[in-house]
Amino acid sequence: MVTPSFWRAAVWTSFLVVCCFTKGAEGTGDKSPPYLLQPGQFPTQDLSHAISGELIQLDHLNRTGQLRPDRRNDQRTDDYDRPLLFTLLPYGSMRYHGAPAELRDIPLGTHLHGKFYWDPKSGKDGKGAFTQAFLLEDDFSFDESSKCEWRLDDVKLDRNTISVTRLSKAENKTEARPVIYKITPATRVWKGQGFGTLKDLATNQSLLINLTLCTLKGPGNATDIWIDDESKQIAAEHQIAVHRVHQKERGLAGWIDAVDNEKGLVTATLFAGFDPSLKDDFKIKGRVNALVSETSLRSYDQINDRAPSELVAISPVPVLPGSSGFQLIFKPDNLLEGFRPHNIIRVMSGTWPLDDLPWEERLWK
Amino acid sequence: MFPQVLFRKKQLGIALLAACLGLLPSSSLYAAGKTVKLDKSVVPFLSEHCLRCHGEKKQKGNLRLDTLQQDFSNPLTAAHWADVMERISSKEMPPEEEPHPSAAQASKVIEWIAVQLKDGERARMSARERVTFQKLSREEYANTIRDLLGVHFDPADPTGLPEDPNWHGFERIGSVLSLSPAHVEKYFAAAEAALNEALPEAPPKKISIHWGWKDLRGGDEKKAKELGIADKVRVEVWPGSSFQGGEPSPRTIQFPTTGDYRLRIKLSAMKPPRGREPRVTVYAMDLDRLLFARSLSTPEDQPTILETEFHISAGSHQVRFLCESPGPSILPRAGRGDQRRLFTTIKESAIGRHPWQYKLTDEEGIPLMPFLIVDFVELEGPIAPSSITEQQQNTITSATQDVAQATAALKQFAGKAFRRPAKSNEVNRLVKIMSDELESGEKPESALKAAMLATLCSKDFIYLVEGSKDRPVGRVTDWELASRLSYFLWSTMPDERLLGLAQSNQLHQSAILRSEVERMLQDAKSVRFATAFPRQWLQLRSVGMFPPDKKIYPEYDAHLEQSMIAETIEYFHEMLTKNLRLREFLDADWTMINARLAEHYGIEGVSGDGLQKVVLKNEDHRGGLLTQGSILSLTSDGQRQRPVHRGKWVLETIFNKPPPPPPANVKPIQPTPVGQPKATLRMKLEAHKSDESCASCHRKIDPLGLAFDNYDAIGHWRTEEKVKDGEGANPKLDASGELADGRKFADGSELKRLLADDEDKFAAAFVEKLATYALRRTMTIDDRRALTALVSQNKRTGYRLSDIVKGLVLSDMFQNR
């Protein structure tokens with residue numbers, strides 16, 4: 001007979017192991033000063049700080065939100081659950097269901113794995129905090145990018161639990177001891193091209209699991225479980241389609257590396273975080289529309305304020321963290337005031353549909 | 001009461017004008033009845049090809065050619081011969097079933113008829129009555145009013161005078177300048193307006209306006225005060241934008257009184273390092289009149305004050321203040337200023353500039369396009385409601401006191417206005433008008449003005465009158481000579497000195513006349529001759545008549561057009577003041593250009609808006625009139641160059657040998673068929689003139705135009721022709737050719753040298769054009785001897801311009817009628 005206290009101990013032990021998968025997480029004892037981002041530059045290497053937590057508030061227009069960080073055993077209990085207000089870096093990206101995403105695509109309550117950079121002006125008393133989000137991804141995406149899955153060891157429908165072990169697909173071995181997640185009648189089971197039920201769960205299945213309420217009352221509750229490759233693939237394909245539409249309607253974000261005022265040329269490097277197939281829509285001598293944007297990636301009025309341009313050159317550049325490695329040189333019909341080095345722009349292929357954005361998204365009111 | 005007075009005055013003026021109209025030249029012709037002999041080539045042509053159907057036995061179409069008069073000065077006869085020419089030229093005659101003449105035979109006959117028609121027309125136009133009335137052009141009218149009353153009159157305003165008709169560009173030909181009854185009221189209104197301004201009945205109402213940034217652009221004054229920048233805010237004016245900050249819409253300004261107003265604009269003018277200077281223009285839209293224009297550049301922190309004075313009529317006028325410089329379209333909001341932003345300095349304002357606006361300055365604050373930063377606009381006036389001299393004012397005031405003084409004053413005024421002593425009956429008539437007005441209850445000043453109004457509406461003021469019943473031909477009087485001279489060189493009435501010499505009957509003396517011409521040419525007023533003559537001779541008013549297509553020539557704008565015209569006029573002025581040889585009109589190594597034109601010609605090192613003499617190099621491809629932008633533009637159609645027009649212009653303007661008119665059924669040039677290589681206009685013309693009858697004339701015309709194919713429709717140098725139709729690369733241009741006399745040339749430069757070598761022919765043509773302008777009539781066979789003498793007289797010194805002008809004045813031709 002397993003007692004509740006045993007469960008708690010087992011769960012916490014498992015959770016702490018999971019936490020340690022993320023590099024440089026708080027509580028690792030790393031006392032070196034935090035890495036500071038330089039304006040207008042991508043970080044030269046991934047020196048981010050990992051924090052996981054549940055999305056509890058979001059402002060998708062301004063790319064800000066709040067996480068309730070997962071509890072850690074190096075924390076004082078007073079610091080548990082203290083919300084982390086974050087702002088996505090202009091080149092910060094999100095992944096959801098294994099595909100690029102925007103904040104608007106992530107349901108509240110989703111457990112996210114984040115990479116953050118230090119903002120010396122934010123945090124308690126303005127003394128700095130890791131609030132600049134570089135990457136946020138759901139468990140699905142996190143596991144997929146880590147090339148990991150969960151092996152279903154046991155299902156206890158009467159107890160509303162599943163016991164799973166994290167497997168490294170690359171190394172074909174287990175990475176930790178089993179974890180027990182809670183399932184509820186609200187847990188969605190994705191099977192084949194549609195929904196399954198909890199009864200479709202069977203041992204030895206390779207699962208991807210999205211969680212909520214992690215570390216609050218145990219390792220977490222499963223909100224979604226994908227039980228086969230087809231369902232995982234459909235989820236990813238759908239999200240990538242959602243994001244493609246989003247990017248085509250708003251343009252790919254990037255920043256300006258240089259402006260040749262005399263020749264009227266603008267050189268810009270696009271940020272990472274979009275489906276690479278979209279690059280195919282940019283052709284030399286083709287038309288593009290460039291939009292000046294804020295760091296929130298919001299533009300003003302893309303119908304009236306775009307700068308129709310000719311794409312003069314496309315060059316690959318080193319892929320630094322946050323960069324797509326995709327650099328464009330374009331010649332606008334007229335240079336815009338916002339076309340200055342380090343400023344943020346969005347670039348749309350001339351073949352993409354151009355239409356107004358909803359009022360709330362536009363900076364021009 | 002006032003309307004009644006006005007009505008009475010109007011009736012008076014109209015009556016006087018009607019009387020003068022009755023004295024206008026009748027249709028009887030000086031040269032009527034003069035016949036010419038049929039040319040040797042014409043008689044056999046008519047016998048062989050025409051008389052079978054249009055002779056003694058048959059008169060098809062009711063036309064009989066063997067008895068058709070050869071008096072080409074008779075308009076009816078000329079019309080018949082023109083019809084004959086047209087039908088031969090279009091190959092309508094002889095009909096298909098009849099034997100056809102060779103192209104050379106037909107061409108000879110056509111040319112002969114064309115020459116006779118031209119001579120006939122000249123004879124008709126130069127016909128002289130016993131008394132000749134030659135109306136002042138509207139420019140001369142305005143100048144005369146200014147010299148007589150001291151007030152400006154703007155004849156081109158909608159309330160001014162109708163545009164003068166012209167004959168081959170000349171706007172002073174007496175037989176062309178007629179006065180229709182519909183225009184009589186215009187002259188009455190013009191005279192009344194001028195008198196009211198010169199002699200106002202009440203102190204004029206004045207305005208004094210100061211527009212600062214708030215008035216010009218608007219904006220949040222409260223915010224400016226809060227920010228402590230209310231006294232630092234300036235208005236940035238984008239290229240193509242009005243001072244208000246948007247489309248070039250005007251401001252409505254209420255001018256309380258007709259008169260001269262002073263405008264002051266304080267601004268900085270920002271020039272991009274490799275771009276043009278910004279250009280400020282102030283334009284009265286309802287009057288279609290440019291009040292002020294200046295290109296300039298100043299440092300941002302060293303604003304300058306532009307000041308100008310202009311004359312404008314009372315009332316509400318739409319005035320547009322513009323930064324007329326090339327730049328992006330102002331239609332999207334990105335291309336214009338925004339009143340929600342408060343501009344102070346480039347550096348400070350760059351922070352608050354909207355990121356979606358077009359980029360005004362680079363990262364260092366250096367302008368990327370020309371723009372203005374305006375502090376204020378001030379307008380005040382009228383600054384001199386009446387420029388009539390104090391002496392004149394006193395005379396008028398005392399004239400209202402008694403009849404004797406009024407008579408003396410009116411006599412003096414009418415004498416000046418008529419440019420000769422007023423006769424006693426004329427003075428009496430004016431005095432009676434004044435008396436009648438007084439009797440009807442008018443104030444003395446009003447009554448006097450009525451008499452002065454009658455003077456200004458008189459035929460002797462509006463017309464230059466020469467001759468009399470007793471003196472139909474022969475020498476003109478000294479008074480008439482003074483007017484001829486003055487209107488020739490100054491475009492206005494004679495000054496006191498000329499009138500004094502006329503009074504003492506000395507003006508006709510050669511030595512005195514020579515010294516007067518020299519004095520007049522040195523006077524500032526001679527610039528009117530140096531402006532009006534080249535404008536009319538070279539037909540410069542056609543520049544811009546077909547506005548160049550903005551898509552093909554986006555760089556063409558009003559400033560370029562004005563600069564082109566100014567170059568040609570200033571070139572003439574330089575030739576005149578330096579007494580240069582006529583051949584320099586055709587080929588020279590200098591020209592007069594400003595920065596705008598230098599940019600257009602691709603000549604470096606010229607700055608500023610003022611025209612300056614620039615020495616040309618071979619690679620500049622300029623020199624002489626024929627390669628000036630104005631001439632190359634006026635012989636184009638706004639889309640492309642017109643080689644045939646250019647050739648015709650050279651023949652007509654430079655050599656005074658206009659070609660015969662083209663037949664009516666000329667087919668248009670066809671576009672290049674799909675799939676064919678691109679072709680120059682020259683290639684298309686070659687195909688077009690395969691018809692031998694066309695080719696005979698085009699052989700003489702086309703080479704003179706094709707030689708300048710290297711210049712596009714706005715006079716821009718190029719080596720290949722941009723062609724839309726057809727396949728492949730744009731074709732290279734070929735400017736070579738052969739003159740009718742067999743001399744060959746490789747390009748326009750060589751042609752210019754060949755033409756300049758024909759100095760005698762050009763001088764003969766030029767002298768005839770100059771005499772046409774000076775004598776206000778066309779030249780006829782009767783003038784040929786005098787013209788030839790004048791040409792010969794100047795050959796020894798190499799045909800120098802100023803000498804020719806003096807020689808013309810001293811010639812019998814100028815002093816006789």
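1. B:Val237 stands opposite B:Leu372 in strand E10 of chain B. The strand that pairs here with E10(B) is E3 (residues 235-237), antiparallel over three bridges. Two strands count as paired if DSSP finds at least two bridges between them. Strands (E, at least two residues) and helices (H or I, at least four) are DSSP runs, numbered from the N terminus.

2. A word on the basis. This is a predicted model, in which local features need pLDDT of at least 70, side-chain atom pairs count only at pLDDT 80 or more, and totals for chains, interfaces and linings use all residues. Residues are numbered from 1 along each chain as its sequence is written, while chains are lettered from A and ligands numbered from 1 in the order in which they are written.

3. Strand E2 (residues 207-211) of chain B pairs with E10 (residues 371-381) in the antiparallel sense over five bridges. In that pairing, B:His210 has B:Glu378 as its bridge partner. Strand E5 (residues 259-270) of chain B also runs antiparallel to E10(B), over nine bridges. There B:Leu267 stands opposite B:Val374.

4. Chain B also holds an open sheet of four strands, in the order E4-E9-E6-E7, with antiparallel pairing. Strands E4 (251-255) and E7 (289-295) stand at the edges with a single partner strand each, so one side of each is left without a neighbour in the sheet. The twist averages 20° from one strand to the next. Five bridges join E4(B) to the antiparallel strand E9 (residues 315-323). Among the bridge partners are B:Gln254 and B:Ser316.

5. E15 (residues 252-260) and E20 (residues 344-349) of chain A pair over four antiparallel bridges. A:Leu252 stands opposite A:Val347 in this pairing.

6. Now the helices. In chain B, H11 (residues 403-418) and H13 (residues 444-456) pack at an angle of about 25°, with their axes 10 Å apart. That makes them roughly parallel, a term for angles under 35 degrees. Axes are lines fitted to C-alpha atoms, for helices over the stretch in contact, and angles run from 0 to 180 degrees between N-to-C directions. B:Ala406, B:Leu410, B:Phe413, B:Ala414 and B:Ala417 of H11(B) meet B:Leu448, B:Ala451, B:Met452, B:Thr455 and B:Leu456 of H13(B). By class, this contact has nine nonpolar, one polar and no charged residues.

7. Domains come from an automatic or database assignment. Chain A has domain 1 (4-138), domain 2 (145-243) and domain 3 (251-361). The centres of domains 2 and 3 of chain A, taken over C-alpha atoms, are separated by 39 Å. For chain B, the assignment includes domain 1 (1-30 + 134-199 + 390-473) and domain 6 (759-815). Six residues of domain 1 of chain B are in contact with five residues of domain 6 of chain B. Contact requires C-beta atoms, placed from the backbone, within 7 Å.

8. How many residues does each chain give to the contact between the chains? Chain A gives 12 and chain B gives 15. The side of chain A that touches chain B has five nonpolar, four polar and three charged residues. Ala, Val, Leu, Ile, Met, Phe, Trp, Tyr, Cys and Pro count as nonpolar, Asp, Glu, Lys and Arg as charged, and the others, Gly among them, as polar.

Terms used:
Contact = placed C-beta atoms within 7 Å. Parallel < 35°, antiparallel > 145°, perpendicular 65-115°, else oblique.
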